Amino acid sequence: MAILENIRKRTTILILIIGMALFAFVISGIFTSNDFSGGKVGSSVGEINGDEISIDNFRRKIERASRRSGPTTSSMQLVNSVWNQVERNTILGQQIEDLGISIEQDQIINVIKSSPGIAQNPQFSDENGVFDETKFRDFIAELKINAPAQYNDWLQDEEAIIQGAKEQTYFNLIRAGVGATLKEGELDYKLTTDKVDIRYVRVPYTSIPDSTFIITKKEISDYISAHKEEYKQQRSRDIQFVYFEDKASLEDEAAIKGQIIKLLDDTVEYFEERDETDTIPGFRNTKDNAAFLDRNSDSKFDTIYKSKNELPIKFADTLMALNIGKLFGPYQDGDSFKITKMVSKKPNGSVKASHILITWEGAERANPEIKRTKEEAEAIAQDLLKQAKAEGAVFAELARDNSDGPSAPRGGDLGYFQEGVMTPKFNDFAFGNEEGHIGLVETEFGYHIVRVDDKEDLVQLATLSRAIEASDETLNTLFTDATKFEMAATSSEKSFSDIAKENEYLVRPVNKINALDENLPGLSNQRSIVQWAFNDETEIGDIKRFGIGNGYAVVQLTAKYEEGLMSVEDASANVLPKIRKGKKASRIISQNQGKSLEDLASGNNTNISTASALTVKTPTIPGAGREPLVVGTAFALTEGSVSDLIEGETGVFKIEVSKKEEGPKLENYTTFASSLQASNGTRVNTSVFNALKENSEITDNRATFY
């Protein structure tokens with residue numbers, strides 16, 4: 001433990017950084033509880049090296065993650081994210097426990113004191129602005145009593161802090177043993193600076209047609225057995241489906257279009273309670289656009305003025321050209337029919353401007369580091385104004401180099417803005433001058449050298465819209481068609497594909513679905529289909545209809561793949577090229593043994609090529625591609641030597657070393673050794689965890705619960 005304590009002292013800063021990254025708000029449990037393990041209640045969602053992962057605790061973590069991530073994250077994304085974290089924490093936690101690594105309360109307090117979110121919070125500071133541990137403890141105690149949900153959230157945050165600090169200590173222990181000697185540094189230097197020039201002949205594998213060799217199933221099977229690590233497969237499924245989309249028919253579209261057209265003109269209605277008729281203005285004549293659209297449109301009246309680039313691209317020119325009170329439509333925009341009325345226009349209602357701000361000490365929002373006087377600021381601004389107006393001046397460069405405003409990195413570009421957005425004097429200048437004008441404006445923020453970049457008209461539109469949706473009749477027909485197809489595909493002796501073809505339905509295959517997938521091409525989030533495909537009772541050939549958000553999918557399970565080695569059929573696409581390559585290499589070598597470079601070139605209708613300044617670190621031969629074995633062989637030969645035939649990546653090579661050049665020797669190689677050590681150190685966290693995971697026994701039952 002003395003050794004661990006010494007290491008811990010040396011790595012305090014790293015521990016603090018990890019701790020700060022892991023919590024966002026407050027800490028509590030270290031003051032109120034010493035139990036971080038949690039209960040193991042109910043079924044197990046998995047097991048890692050003998051430690052069961054409680055489904056109850058797992059669900060609580062998912063619930064909390066869901067509250068934090070918001071509605072944009074799908075359920076399976078949350079499940080997978082939480083599982084990955086639990087998997088990591090468990091595997092590393094087991095190692096940490098075996099080593100006896102612990103984190104004391106005073107170290108956790110140090111993390112708190114170093115966190116800007118806590119240390120700079122006035123709620124936890126004394127009269128001198130210093131973090132007050134007592135105030136913090138009182139806050140935690142109050143949380144526990146008055147905000148139990150927030151308190152329970154913190155318990156998990158605190159657990160993450162402690163886990164993170166322990167992990168960092170663990171990785172630092174390993175990192176302390178990762179080094180690089182001066183000899184290793186020298187080798188790394190030589191791999192980059194030692195160079196070799198070669199003459200070579202390459203007989204490409206493409207010179208022998210693939211059809212020359214007939215590869216048997218046994219050869220593929222033997223290759224798979226000899227390379228088991230490369231041909232492991234996960235448990236997966238293949239399906240095919242026909243999609244019946246909830247989509248409006250042409251008749252539905254015509255009916256919706258007709259409905260929206262009827263709303264254009266006035267109608268006469270009889271009011272029984274008054275025993276009289278009244279004329280109800282249509283969209284064309286209504287004086288109250290907001291009320292009319294509230295009653296009749298899927299979209300409400302938008303009072304905001306818009307520029308041309310904010311309108312639908314396809315119709316923007318037409319809409320901008322409308323006169324006040326005139327209408328355009330009906331037109332289809334996306335999934336809606338629309339009729340648009342021009343309500344109002346603001347010529348030049350939006351201005352695009354750039355500026356260079358020169359501020360002074362005491363000006364509003366001025367950077368405290370600026371100490372110039374107002375007079376000095378004015379002199380600088382006047383000089384910049386002259387430069388900006390000079391022929392050939394690049395305003396954006398002047399702004400980037402001189403402006404005190406936040407828009408400086410953008411070349412002073414303020415974008416488009418409407419009347420009243422900017423401070424009054426700036427606003428009046430921008431809207432009162434022509435495009436291209438440059439001038440000086442004084443505001444409470446400083447002196448502005450302003451350029452009016454562009455002006456554009458704004459319009460206020462009222463748009464009557466109706467969504468294009470399938471009618472009840474169309475939906476009923478859709479359901480009937482999907483059901484009939486399901487029944488026919490299930491009961492007929494014909495294949496799923498043949499029946500679909502007879503009905504002119506498109507069959508869509510989806511291959512190698514994993515048990516935890518949820519998004520299927522063409523169907524998006526359909527977890528229920530994946531669960532059905534992996535159900536032990538679902539057999540190959542089974543068919544089922546699923547109601548999805550916008551229609552129906554009739555799905556057939558077409559293949560099952562269990563965890564283990566790939567079958568010959570599944571692996572053949574990958575294995576065949578490799579076996580052919582080996583056979584081609586053997587034939588080329590057997591037919592060309594003992595030949596010189598010249599004979600090899602002439603006998604195989606190719607040329608002698610050259611390559612210079614090759615290094616081990618970049619073993620790419622121009623015209624041949626990456627060939628590490630060929631380049632490595634060149635470095636192993638002496639200058640003037642000729643190699644045997646070499647089985648390369650793209651062909652069989654024979655090389656002659658024409659020149660070898662060593663990099664200049666250095667007095668020492670400390671820099672390269674240090675660089676190696678640093679590089680190795682950065683990989684510790686990932687490499688160590690991946691190695692531990694690979695050698696762990698993990699049972700994953702997520703697909704059973706989700």
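A salt bridge is a side-chain nitrogen of Lys or Arg within 4 Å of a carboxyl oxygen of Asp or Glu. The structure holds 31 salt bridges.

The model is predicted: local features need pLDDT of at least 70, side-chain atom pairs count only at pLDDT 80 or more, and totals for chains, interfaces and linings use all residues. Residues are numbered from 1 along each chain as its sequence is written, and side-chain values use heavy atoms, with hydrogens and water left out.

**Exercise 1.** Determine which parts of the chain the salt bridge of Asp188 and Lys617 links, and classify both residues by accessibility.

*Solution.*
Step 1. The side chains of Asp188 and Lys617 meet at 2.7 Å, N to O.
Step 2. Asp188 belongs to helix α10 (residues 182–193), while Lys617 sits in the loop between β19 (609–614) and β20 (620–621); the pair is 429 residues apart and links distant parts of the chain. Helices (H or I, at least four residues) and strands (E, at least two) are DSSP runs, numbered from the N terminus.
Step 3. Buried means under 20% relative accessible area, exposed over 50%, and partly exposed in between (1.4 Å probe, protein chains only). Asp188, at 16%, is therefore buried, and Lys617, at 44%, is partly exposed.

**Exercise 2.** Explain why Asp222 and Lys218 are separated by about one helical turn, and classify both residues by accessibility.

*Solution.*
Step 1. Asp222 and Lys218 form a salt bridge whose closest N and O atoms are 2.9 Å apart.
Step 2. The separation is about one helical turn because Asp222 and Lys218 are 4 residues apart in helix α11 (residues 217–226).
Step 3. With 39% relative accessibility, Asp222 is partly exposed; Lys218 is exposed, its relative accessible area being 57%.

**Exercise 3.** Locate Arg237 and Glu562, and identify the network to which they belong.

*Solution.*
Step 1. The closest N and O atoms in the salt bridge between Arg237 and Glu562 are 3.4 Å apart.
Step 2. Arg237 is in strand β5 (residues 236–245) and Glu562 in the loop between β17 (551–561) and β18 (564–565), so that distant parts of the chain, 325 residues apart, are linked.
Step 3. Arg237 has a relative accessible area of 2% and is therefore buried, whereas Glu562, at 42%, is partly exposed.
Step 4. Through salt bridges that share partners, Arg235, Arg237, Asp536 and Glu562 are joined into one network.
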